[in-house]
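Here's a walk through the fold, from the strands to the helices. Keep the structure open alongside the text.

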Amino acid sequence: MLPTLSNKALATILSVASGLAWAGPGPNISGPYLGDAYGQVDFRMEGERVVGTAAGKGGPCQFEPGTEVISGELQGNVLVGTVLLCQVGRPECAAREPHPALIFVNPQDRVLSALIRLREGCTSPALKQNLQLFLRATAPQEEAREAEPESDSEPEPESEAGAEEARAPAATAPAAGVAQARQQAPEVLTLDEGQRQLAAGNHAAAQPHFEHVLRTDPRNISAVVGLAACQLGRGDADGALKTLEPAAKTSSRPDLHLWLAHAYSMDKNRFRAREVLRKLMDLGWTPGNRPAEAIPETALKADIEAVMQQRSRKRTPGREAIGSGSTSP
């Protein structure tokens, strides 16, 4: 059976996968957020405490408006708390059950993301791939605007030099032009930015970054894995196979082959998926909830356990196989 994700492991996955770290006071996450598979949640902050309530019967769980679905304490950029999920599966899977979670807050994109491990045999339609929770802000963050201090003294008379500057607006135009040019400058496509967008669940935004890296460095395995993860996240198993299969012929990186098995599984080719998993285990790979492997490992959980059981049965002591040089009749 695969090991469960502890809160510490969740924090490691979220921090490493994002490749980012913010210092200083925690961000303000008040306001409406929307999850494609979870529905809308309205957040309010009471000091460091955060409470999220369902805004309407959105998503598959159909929570009643006003239901407290997320709550916890904001510690830096991590919300330590609980998430209420609807569940199906075995009889012991409660229809609605709160789960402990570490929710990573991306203050730049205003995205909340977490990995939540359910009980064995339970699934939740509110989670992507039965593992990931993503919520994105649907309204711009209200920035605190400090009122400009009013001066009791009369303004100083404008100097002659100041008057000349006022009469020459072209002198200040370059600064405004630089700021405008920066805003209009094209986004730089990098591997780090692609990984950051991927960690936030923005597959469409992340994919161009990995494609750009591969155009300049076709052998960059990190970009190959990132691109395939984007393609699988968007449901393009065929595209992911075309990305992964050539690289798998020359690279022995375990995460690449694990994503390849995941792509075969999504392509309804369980035989090839298990074949890749067997080769991985022959090379010494074992499941361990590593950050780069958490998603495919969870998706392939049943196949991994089946292959491990087959390998265990083959190692069970018994009658030796008859082979070349055997003295058995």
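## Ground rules

Two strands are said to pair here if DSSP finds at least two bridges between them. The helices (H or I, at least four residues) and strands (E, at least two) are themselves DSSP runs, numbered from the N terminus.

This is a predicted model, where local features need pLDDT of at least 70 and side-chain atom pairs count only at pLDDT 80 or more, while totals for chains, interfaces and linings use all residues. Residues are numbered from 1 along each chain as its sequence is written, and side-chain values use heavy atoms, with hydrogens and water left out.

## The barrel

Let's start with the strands. Eight of them close into a barrel in the order β1-β2-β3-β4-β5-β7-β8-β10, with antiparallel pairing. From one strand to the next, the twist averages 30°.

Strand β1 covers residues 31-35, and its antiparallel pairing with β2 (residues 39-46) runs over 5 bridges. With β10 (residues 132-137), β1 again pairs in the antiparallel sense, this time over 2 bridges.

Which residue in β2 is the bridge partner of Y33? That's V41. In β10, the bridge partner of Y33 is A137.

Now for the helices. Two packed helices are described by the angle between their axes and the distance between the axes. Axes are lines fitted to C-alpha atoms, for helices over the stretch in contact, and angles run from 0 to 180 degrees between N-to-C directions.

Helix α4 (residues 191-199) packs on α5 (residues 203-216) at about 155°, with the axes 8 Å apart. That angle makes α4 roughly antiparallel to α5 (under 35 degrees is roughly parallel, over 145 roughly antiparallel, 65 to 115 roughly perpendicular, and the rest oblique). Among the residues making the contact (heavy atoms within 4.5 Å) are L191 and L198 of α4, and F210 and V213 of α5.

The contact includes F210 and L214 of α5, plus L227 and C230 of α6. By class, this contact has 9 nonpolar, 5 polar and 1 charged residues (Ala, Val, Leu, Ile, Met, Phe, Trp, Tyr, Cys and Pro count as nonpolar, Asp, Glu, Lys and Arg as charged, and the others, Gly among them, as polar).

Finally, α6 and α7 (residues 237-248) pack at about 165°, with axes 8 Å apart; α6 and α7 are therefore roughly antiparallel too. Contact residues include I221 and L232 of α6, and T243 and L244 of α7. The contact of α6 with α7 divides into 9 nonpolar, 3 polar and no charged residues.
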